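Here are a few exercises to work through with the model open beside you. Try each one before reading its solution.

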Amino acid sequence: MKRSKKASTVKEAANIIFEELRRLTGSRYCYVTYIDPENGDSVAIKFSQVTSQCAYYNSMGEARFKVQKNGKYGGLLGYSMDTGKSFFTNDPTNHPIAHGIPKDHKIIRRFLSVAVKYDNKVLGQIVLADPPRDYNVNDLKISIEIGQPYARILQGFYDGRIPLK
């Protein structure tokens, strides 16, 4: 019987989620974030390399995505955090909320995003992309399910019980 992995920090949890969801969904790319309680930034602490800047962010140990003045993150990437709704699309380029990709970003053909929530408050996000086949409802359910313990860990971080790293 396979022993389940246990995390004692947010970073360890992000690493486990990254590996497990990539394995379970076959996704080529993944990133796992938390929302910085100080300023509302979405902070990716485990992520795949999808731009040339990712190596720099990786050396820093994080990539920050600023919350806009209106309190939203915007675009396809921010949609699950803005709405609290997890979703997937197998045609992200033509998704109604999409507004293009940043310069030097790898083309994403399939996209899945989970709003990580605790007591209905969005605390982070898990994003997957580009498995060798289309995403389906089962992929979304598995990703949401794996996001639930991460939400408890993030709440522990916000409460001061669980360290970030």
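**Exercise 1.** Leaving aside its neighbours within four places in sequence, which residues is aspartate 41 in contact with? Keep in mind that this is a predicted model.

*Solution.* Start with the location: aspartate 41 sits in the loop between strand E1 (29–35) and strand E2 (42–47). Next, list the contacts: Tyr34, Ile35, Asp36, Arg64, Phe65, Lys66, Val67 and Tyr73. Now pick out lysine 66, whose side chain makes a polar contact of 3.3 Å with that of aspartate 41. Last, check burial: the cut-off is under 20% relative accessible area, and aspartate 41 has 3%, so it counts as buried.

**Exercise 2.** Work out in what order the strands of the open sheet lie, and which strands stand at the edges.

*Solution.* Reading across, the 6 strands go E3-E2-E1-E6-E5-E4, with antiparallel pairing. Strand E3 (63–65) and strand E4 (87–89) each have a single partner strand, so one side of each lacks a neighbour in the sheet. On average, neighbouring strands are turned by 20° against each other, direction ignored.

Now zoom in on one pair. Strand E5 (residues 111–118) and strand E6 (residues 121–129) are joined by 8 bridges, and alanine 115 stands opposite glutamine 125 in E6.

**Exercise 3.** Is leucine 21 buried or exposed?

*Solution.* Find leucine 21 in helix H1 (residues 10–25). Its relative accessible area is 0%, so leucine 21 is buried. Beyond four places in sequence, leucine 21 touches Gly26, Ile126, Leu128, Ile142, Ser143 and Ile146.

Note on methods. Residues numbered from 1 in each chain as written. Predicted model: local features only at pLDDT ≥ 70, side-chain atom pairs only at ≥ 80, totals over all residues. Heavy atoms only, no water. Helix = DSSP H or I, 4+ residues; strand = E, 2+ residues; numbered from the N terminus. Buried < 20%, exposed > 50% of the residue type's maximum accessible area, 1.4 Å probe, protein only. Polar contact = N/O pair within 3.5 Å; in protein donor to acceptor, adjacent residues only side chain to side chain. Contact = heavy atoms within 4.5 Å. Pairing = 2+ DSSP bridges. Axes fitted to C-alpha atoms, helices over the stretch in contact; angles between N-to-C directions.
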